[in-house]
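Dear colleague,

I am passing on to you the structure shown here, together with an account of what was found in it. Please keep it open while you read the notes that follow.

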Amino acid sequence: MKIIPYARQDVNDQDVSAVIEVLRSDYLTQGPLVERFENSVKSFCHAKAAIAVNSATSALHISCLAMGVKSGDIVWTSPISFVASSNCALYCGASVDFIDIDPLTYNISAMALEEKLISSALQNKLPKVVIAVHFSGQPCDMETIFSLSQKYGFKIIEDASHAIGAQYKNLAVGSGQYSDITIFSFHPVKIITSGEGGMILTNNLELSKKCQLLRSHGIESISGELNLHPSKEIWNYQQIDLGFNYRMTDIQAALGLSQMTRLSDFIAKRRTLAARYDILLANFPITTPWQHPDGLSAYHLYVIRLHTDKLKKGQHQIYDELRDLGILVNLHYIPIYLHPYYVKMGFKRGYCPEAEQYFSQALSLPLFSGLNAEDQELVVASLKQVLQ
Ligand SMILES: *Cc1c(COP(=O)(O)O)cnc(C)c1O
């Protein structure tokens with residue numbers, strides 16, 4: 001039986017050679033290729049600064065720290081995301097809260113955000129940071145979120161783990177027009193990969209400097225000063241903050257840099273496949289992904305919503321039967337606050353009704369740049385069989 005995963009990395013001979021070349025070079029950990037990878041992503045996105053790290057989770061963590069998130073602060077995000085979008089606030093000792101999703105885009109609802117800001121302002125419980133997740137690769141309503149940030153005084157992180165290569169109002173996601181920081185993930189299921197890896201993009205050079213420090217133990221190099229004070233001690237670095245070892249290796253950066261040369265190609269393939277799904281699935285008892293005219297999705301995911309009220313089978317049965325046929329559909333995501341760890345913090349079912357309704361109907365179909373037309377037809381035929 002043919003097995004079709006929901007996502008798969010696209011690694012070619014050029015990628016393999018790039019990694020082998022690093023293995024024979026002087027640097028294995030953070031070295032010249034990390035900087036080249038940063039420059040490549042930075043120029044693609046038209047951002048002022050880029051800091052590569054060992055995962056998007058690390059990127060989120062040190063972005064929050066650089067913004068001063070600490071105990072007593074509140075960070076808001078979407079419940080329909082990977083847990084890392086929310087855990088980063090907890091790492092800093094802050095608390096988290098969730099804003100319900102828009103029923104069409106599955107992104108954070110700007111209307112729900114505004115309502116929550118109004119009521120939270122009255123209780124003096126405004127967020128320090130809002131993490132806007134570009135779910136499935138489709139950009140959030142950033143213009144509205146940005147204008148709310150001006151009015152209510154919070155900072156914005158774009159969790160663009162799904163969205164490198166996406167565009168919002170004709171600008172690359174990562175350009176930072178409507179946020180303080182954007183982060184990307186290079187996990188193998190994402191659009192491009194470095195094995196594990198993440199990147200922070202910002203136009204704020206102060207935030208960039210803080211993130212660079214936090215990535216590597218809070219240590220700064222003071223080689224310049226050594227020359228200024230030749231009579232002093234001969235160390236050339238000093239720790240000025242409490243940081244981590246979140247460095248990316250040159251091995252990872254070589255893979256990421258090589259993948260960057262095919263980013264536009266990957267996005268084009270994903271968009272073509274998504275458009276083809278739209279056509280092939282037009283008469284199915286499902287909702288295909290709706291696209292807001294302000295954005296161009298990177299299509300990390302192709303999520304369908306089952307019209308469960310019209311179907312004889314439930315979501316779980318459909319999921320199981322597709323997987324039994326070798327179509328490894330997935331469910332992105334369980335609302336974060338329904339995970340046992342968050343339930344223990346006091347979150348309850350019913351908190352974000354749109355997110356929970358979505359969760360009871362969603363399925364992610366296989367979508368990756370190496371998916372061929374034949375396999376895509378097999379996915380569609382299997383779904384048809386299961387829904388009958
Ligand atoms: C994958 C993902 C992350 C975490 O990425 P890692 O690189 O695996 O740490 C964070 N947020 C979202 C929305 C993701 O999909």
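Two strands are taken to pair if DSSP finds at least two bridges between them. On that basis β4 is joined to strand β5 (residues 155-159) by five bridges, and the two run parallel. Please bear in mind that this is a predicted model.

Within this pairing, Ile 131 has Ile 157 of β5 as its bridge partner. The chain passes from β4 through helix α6 (residues 142-152) to reach β5, and this β-α-β crossover is right-handed. β4 is also joined to strand β2 (residues 74-77), by three bridges, and these strands likewise run parallel. There, Val 75 stands opposite Val 129 of β4.

How many of the residues of β4 are buried? Five of the five are, so β4 is largely enclosed by the rest of the structure. Both of its faces are covered: on one side Val 129, Ile 131 and Val 133 are buried, and on the other Val 130 and Ala 132 are buried.

The largest nonpolar core has 48 residues, and Ile 131 and Ile 157 are the ones that touch the most other members. Several elements each supply at least two residues of this core, including β1 (49-53), α3 (56-66), β3 (95-98), β4 (129-133) and α13 (353-359). The most comes from α3, which gives six residues. Domain 1 (4-260) and domain 2 (263-387) both contribute residues to this core, so the core lies between them. Apart from this core lies another, of 30 residues, among them Phe 37, Val 173, Phe 186 and Ile 267.

Which residues are in contact with Ile 131, leaving aside its neighbours within four places in sequence? Among them are Leu 60, Cys 64, Val 75, Trp 76, Ile 108, Ile 157 and Asp 159. Ser 85 and Cys 88 are also in contact with Ile 131, and both are buried residues of α4.

The helix α4 is itself mostly covered, with six of its eight residues buried. Besides Ser 85 and Cys 88, the buried residues in α4 are Ala 84, Ser 86, Asn 87 and Ala 89. Their covering includes α3, β2, β3, β4, β5 and α12 (340-343). Just after α4, Gly 93 adopts a positive phi of about 85°.

With kind regards

Note on methods
Residues are numbered from 1 along each chain as its sequence is written. This is a predicted model: local features need pLDDT of at least 70, side-chain atom pairs count only at pLDDT 80 or more; totals for chains, interfaces and linings use all residues. Side-chain values use heavy atoms; hydrogens and water are left out. A nonpolar core is a set of buried Ala, Val, Leu, Ile, Met, Phe, Trp, Tyr and Cys residues joined through side-chain atoms within 4.5 Å. Buried means under 20% relative accessible area, exposed over 50%, partly exposed in between (1.4 Å probe, protein chains only). Helices (H or I, at least four residues) and strands (E, at least two) are DSSP runs, numbered from the N terminus. Domain bounds come from an automatic or database domain assignment. Contact means heavy atoms within 4.5 Å. A crossover is right-handed if, with the strands pointing away from the viewer, the path from the first strand over the helix to the second runs clockwise.
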